[in-house]
Amino acid sequence: MKKEIKENSSARAEFIRSVKFLLFSVSAGVIQIASFTLLNEMLHLHEWFSYLVSLVLSVLWNFTLNRKFTFKSANNVPIAMLKVALYYLVFTPLSTWWTAVFTEPSYGFMWNEYLVVAATMVINFVTEFLYDRFVVFGKSIDTAVKPTLDKDE
């Protein structure tokens, strides 16, 4: 019975963690779309460059919130950021490349740039959650010290 309660509690914690990651990712997505729109529509920069800048902004936002509130990790911030950077060292060139391929006329696809960005964001959401959960924060989840109010201070 105790094992079953522990498993249910663990499953509930993972569900809550997933929901938090989803909500913070949505907020990062808003930042990404807003900055992409500004760069693409107002400044008329290339889709791939607009995507790259907007991605960097959303990654910084998402990492900061998820480290503190979703994974509650006390691990070394530079090391955790380095691990995230390694993920993006692979994801960014690939996603920048396919953004160019699917949106630039010279490749022949001519897909709507917002469709490509939205699809890329979904791919990023799923793969980054798994990477963060098991690689970046895996062993340090819920290790952050919760602040306490000391009446003597």
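This is a predicted model: local features need pLDDT of at least 70, side-chain atom pairs count only at pLDDT 80 or more; totals for chains, interfaces and linings use all residues.
## Ground rules

Numbering runs from 1 along each chain as its sequence is written, and side-chain values use heavy atoms, with hydrogens and water left out.

## Threonine 70

Threonine 70 sits in helix H2, residues 47-70 (helices are DSSP runs of H or I, at least four residues, numbered from the N terminus). Threonine 70 is buried, at 2% relative accessible area (buried is under 20%, exposed over 50%, partly exposed in between, with a 1.4 Å probe and protein chains only).

Leaving aside residues up to four places away in sequence, threonine 70 touches Arg17, Lys20, Phe21, Phe24 and Leu65 (contact means heavy atoms within 4.5 Å).

## Aromatic pairs

Searching the whole structure turns up 17 aromatic pairs (rings of Phe, Tyr and Trp, the latter by its six-membered ring, with centres within 6.5 Å; planes under 30 degrees apart are stacked, over 60 edge-to-face, the rest tilted). Take phenylalanine 71 and phenylalanine 137: their ring centres are 4.9 Å apart and their planes at 20°, so they're stacked. Phenylalanine 71 is in the loop between H2 and helix H3 (77-103) and phenylalanine 137 in the segment after helix H4 (113-136), so this pair ties together parts 66 residues apart in sequence.

Phenylalanine 109 is partly exposed at 42%, and tryptophan 111 is partly exposed at 40%.

Definitions and conventions. Helices (H or I, at least four residues) and strands (E, at least two) are DSSP runs, numbered from the N terminus.
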